[in-house]
Amino acid sequence: MDHIIKEVENLMIEKKEVPNFKAGDTITVDYKIKEGNKERIQQFRGVVIQRSGTGNTGTFTVRKVSSGMGVERIFPIASPFIDAITVNKVGVVRRSRIFYLRDLKGKAARIQEKRV
């Protein structure tokens, strides 16, 4: 029964190319917003603080600081409103959930960039 449900989910949800990213990476999410009959794309750039779930049911949380106020947003990976995901920086962190960033301010909240 579970096999049949997964097959139907795979057929209904179109496969999107999602880049590999993890907690600590800085990404830009292009998100479609509908206002009345108009549609525009808004960019949300920040640090990924967690990824949870697997496959099409997975989500990721992005945090940015806007006007001195921390803003977090949770995105479903298979959302039809996500236009594109771009990885800007690959960060070096030792944890998969970096909630300790919420308590840090200024330069202490920076994440070291991975050298290639």
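Here are a few notes on the salt bridges and on one strand residue.

1. Keep in mind that this is a predicted model, where local features need pLDDT of at least 70, side-chain atom pairs count only at pLDDT 80 or more, and totals for chains, interfaces and linings use all residues. Residues are numbered from 1 along each chain as its sequence is written, and side-chain values use heavy atoms, leaving out hydrogens and water.

2. I get four salt bridges, taking a side-chain nitrogen of Lys or Arg within 4 Å of a carboxyl oxygen of Asp or Glu. One of them pairs Lys22 with Asp25 at 3.4 Å, N to O. Asp25 is buried at 3% relative accessible area, while Lys22 is partly exposed at 39% (buried is under 20%, exposed over 50%, partly exposed in between, with a 1.4 Å probe and protein chains only).

3. Arg40 and Glu35 also pair up, at 3.2 Å from N to O. Arg40 is partly exposed at 36%, and Glu35 is partly exposed at 44%.

4. Have a look at Arg102 and Glu72, whose closest N and O atoms are 2.8 Å apart. This bridge links distant parts of the chain, 30 residues apart: Arg102 sits in the segment after β5 (82–89), Glu72 in strand β4 (strands are DSSP runs of E, at least two residues, numbered from the N terminus). Through shared partners, Arg63, Glu72 and Arg102 form one salt-bridge network.

5. Thr26, in strand β1 (residues 26–35), is buried at 16% relative accessibility. Leaving aside residues up to four places away in sequence, Thr26 touches Arg45, Gly46, Val47, Thr86, Val87, Asn88 and Lys89 (contact means heavy atoms within 4.5 Å).

Notes. Helices (H or I, at least four residues) and strands (E, at least two) are DSSP runs, numbered from the N terminus.
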